[in-house]
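This report sets out the domains, contacts, ligand surroundings and nonpolar core of the structure shown below.

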Amino acid sequence: MDSGVNKNWSSGDEKLLLDTIDHWVENEVKPIAREHDQEDKYPEELVERMKELGLFGSTISPEYGGLGLPASIYAKIVTRLSSVWIVPGGIFNTHLVMAAAIERCGMEAQKQEWLPKMASGELRGGIALTEPDAGTDLQSIRTRADRNEKGYLLNGTKMWITNALHGNCLMVLAKTDLTAQPAHKGMSAFLCHKGAGYDVAKKLKKMGYRAIDTCELTLDNKQVVPEALLGGEEGRGLQQVLGGLELGRINVAARGAGMAEGALKMAVRYAQERETFGKPIAEHQAIQLKLADMATKVEASKLLVESAATKLDTGQRCDMEAGMAKYFASEAGVYCAQEAMRIFGGNSYSTEYEIERFYRDSMLMCIGEGTNELQQIIVAKQLIQRNKI
Amino acid sequence: MQIIVPIKQVPDVALNIKVKDGEIVQEGISWVISSWDETALEAALQLTEEAGGEVTVLSIGTAKVQEALRKALALGAHQALHIQCDSSAGWDSYQVAKVLAKTLADQDYNLIITGKQAQDSDAGLTPTMLAEFLGLPQVTNITAFKDVSDASITLHRKGDDGIEISKMTLPGVVTVNDSLAEPRLASMRGIMMAKKKPMETVDIHSLGLAPEVLQSGGLMTEVVQYEKPDERKEGRRFEGDETETVPEVMQNLKKNIGLFA
Ligand SMILES: Cc1cc2nc3c(=O)[nH]c(=O)nc-3n(C[C@H](O)[C@H](O)[C@H](O)COP(=O)(O)OP(=O)(O)OC[C@H]3O[C@@H](n4cnc5c(N)ncnc54)[C@H](O)[C@@H]3O)c2cc1C
């Protein structure tokens, strides 16, 4: 039943912590979201505050300078933040996925070297898995790591890499053996600092999830030391990367739930303010049906997230549950954003209102951290496996 | 520099406070540190960050006030003192000041900082009475500190047309205006560290107070009833072309409130 999280967080602490997050979100995140989104401008001012708050070390163990938050509390933080703006969470999400991989699979020296600096936010990371021709099918990546006298030489192109520009390190998935069968036996993960050979080819222009740096990254003879190989053993990269996906999925699910809740809140308010045919539109049954569906999905999403997170925190198996939560909550995010658009009528199209941003941002949650099609496959496979006749 | 910050836990006024039969409905109330006391704590933290020393937060009440004290520890206070009682409901400023004075009588400190008033009662009497009972100098409603030492402090108070600057010998009592500083947020690390900080609980009956202080006879004033102000009626919106709405607004102002009559 042990899961390595700090179990000393009482409900009083949780309340205090969530109050702090609410205060920060309301006073510092909300006021800047629209402008930064519209100008595709990185929210640098939030990063310093996120360091102070300790967000970069949220799920890193206290022995490495983090807070060791249980997934259930972490998910609540992410939901609250995402109900206002999805971007700031992106700055620490993949950073924490990288840290979790180091903590789970790294050698002690790697943990000592990387985790305290990541917990403080001095090092800010991300994960570089996807390539122009490989996303869901990670075994077909082409980035290679060739051993040389100084360690490994990395070459290849990575695509859609969040935090590649404003962060200063990444975990890179590469092939150390191009001929291995099955292919994953030739894949390894490397802990990589920015520097010579690491070149952000471009910051990608995006429909939504703007303001954060998602980049095309070229690794051109990027030299790393032997100690950069995660876990010190080749051929384990894919497992190392996929092994932490439950937390990653719970995190995306929490973001979906947050977006759904944010869209619902806006819709509930607008529906009471806007009048047609002599009464607030909230009194028209067509709008009520939408609000009821949205609210139900929000509640269900939050419960699925909570249930998967609690399982993870108590050391229970939760691959199927995390998949369900990710699938359902991200779709709820899209659904609620879309329904809120309809409720806002013509104003939904105006950039004076925030709902169009939710509409643009929400779709990402269905794609990132394993597409929803993949989640459905995982859920179905698990279902059969756990119920074999 | 040793600073004492007495804090009061009050209902969160940002939420709707309900009144029934002359009493405040306790159900559904969310309890927070009175905002001026948060400013007082912020001031104390800034002073000790600058001049060294420690901040002790202090609160009187049931076990519930430990939440407020824990938050203060998470914000950076070094230790907490909880004066436990069964209920402090209905107490007046005089009683509170008496208990505080007794508690602080044998403590070591240079400065006592509080909010200039509490967010719920808005009375602003406790610190002044406390200074009197302890025989200490006091400056109220201050907006800035300067030149702090263990022996004296320079204090600014803002008036309509200028600033009054005074120097006070220490120990002494200061109350703060909320313009002094923006209270910090509790960091997650602060919340974690707060667990390791000392919180002492003292039974109010062990303080050696004169028995009448804690009885209703100890009251100098008594709140007999609470009433909610009348709800403000919703305004009316005039929508449409201004060539039509402006005359309509003028008409209404003339007719309904006799403006421009
Ligand atoms: C804004 C943004 C940020 C991102 N950040 C990062 C990052 O930080 N790091 C990183 O590594 N990646 C990142 N990604 C990439 C993201 O993880 C991938 O886009 C995602 O995994 C899908 O991969 P793909 O784009 O190659 O789609 P494909 O794999 O080409 O999939 C295309 C479609 O085919 C479906 N499909 C694929 N295989 C199957 C199958 N076996 N059965 C059924 N259906 C299938 C998919 O579900 C999808 O509908 C980011 C993407 C975006 C848009």
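Leaving aside its neighbours within four places in sequence, which residues is B:Val5 in contact with?

## Basis of the report

This is a predicted model, in which local features need pLDDT of at least 70 and side-chain atom pairs count only at pLDDT 80 or more, while totals for chains, interfaces and linings use all residues. Residues are numbered from 1 along each chain as its sequence is written, and chains are lettered from A and ligands numbered from 1 in the order in which they are written.

Beyond four places in sequence, B:Val5 is in contact with B:Ala40, B:Leu41, B:Ala44, B:Val55, B:Val57, B:Leu58, B:Ala77, B:Ile113 and B:Thr114; contact requires C-beta atoms, placed from the backbone, within 7 Å.

B:Val5 is also among the residues with the most contacts inside the largest nonpolar core, which has 174 residues; the others are A:Phe190, A:Ile250, A:Ala263, A:Val305 and B:Ala72. Helix α9 (residues 319-344) of chain A gives the most to this core, with 15 residues. Such a core is a set of buried Ala, Val, Leu, Ile, Met, Phe, Trp, Tyr and Cys residues joined through C-beta atoms within 7 Å, where buried denotes 20 or more other C-beta atoms within 10 Å of the residue's own. Helices are DSSP runs of H or I with at least four residues, and strands are runs of E with at least two, numbered from the N terminus.

## Domains

An automatic or database assignment supplies the domain bounds. Chain A is divided into domain 1 (11-120), domain 2 (127-238) and domain 3 (242-382). The C-alpha centres of domains 1 and 2 of chain A lie 23 Å apart, and their contact takes 22 residues from domain 1 and 17 residues from domain 2. On the domain 1 side, α4(A) gives the most, with 10 residues.

Chain B comprises domain 1 (2-218) and domain 2 (235-261), whose C-alpha centres are separated by 49 Å.

## Contact between chains

Chains A and B each contribute 12 residues to their contact. On the chain A side, the largest share, 7 residues, comes from α1(A).

## Ligand surroundings

Around the ligand are 22 residues, of which A:Gly135, A:Thr136, A:Trp160, A:Thr371 and A:Glu373 come nearest; membership requires a C-beta atom, placed from the backbone, within 6 Å. Elements giving two or more residues to this shell are β1 (127-128), β3 (151-162), α11 (364-367) and α12 (372-386) of chain A. Domain 2 and domain 3 of chain A each provide at least three residues of the shell.

Key:
Two residues are in contact if their C-beta atoms, placed from the backbone, lie within 7 Å. A residue is buried if 20 or more other C-beta atoms lie within 10 Å of its own, exposed if 12 or fewer, and partly exposed in between; C-beta atoms are placed from the backbone.
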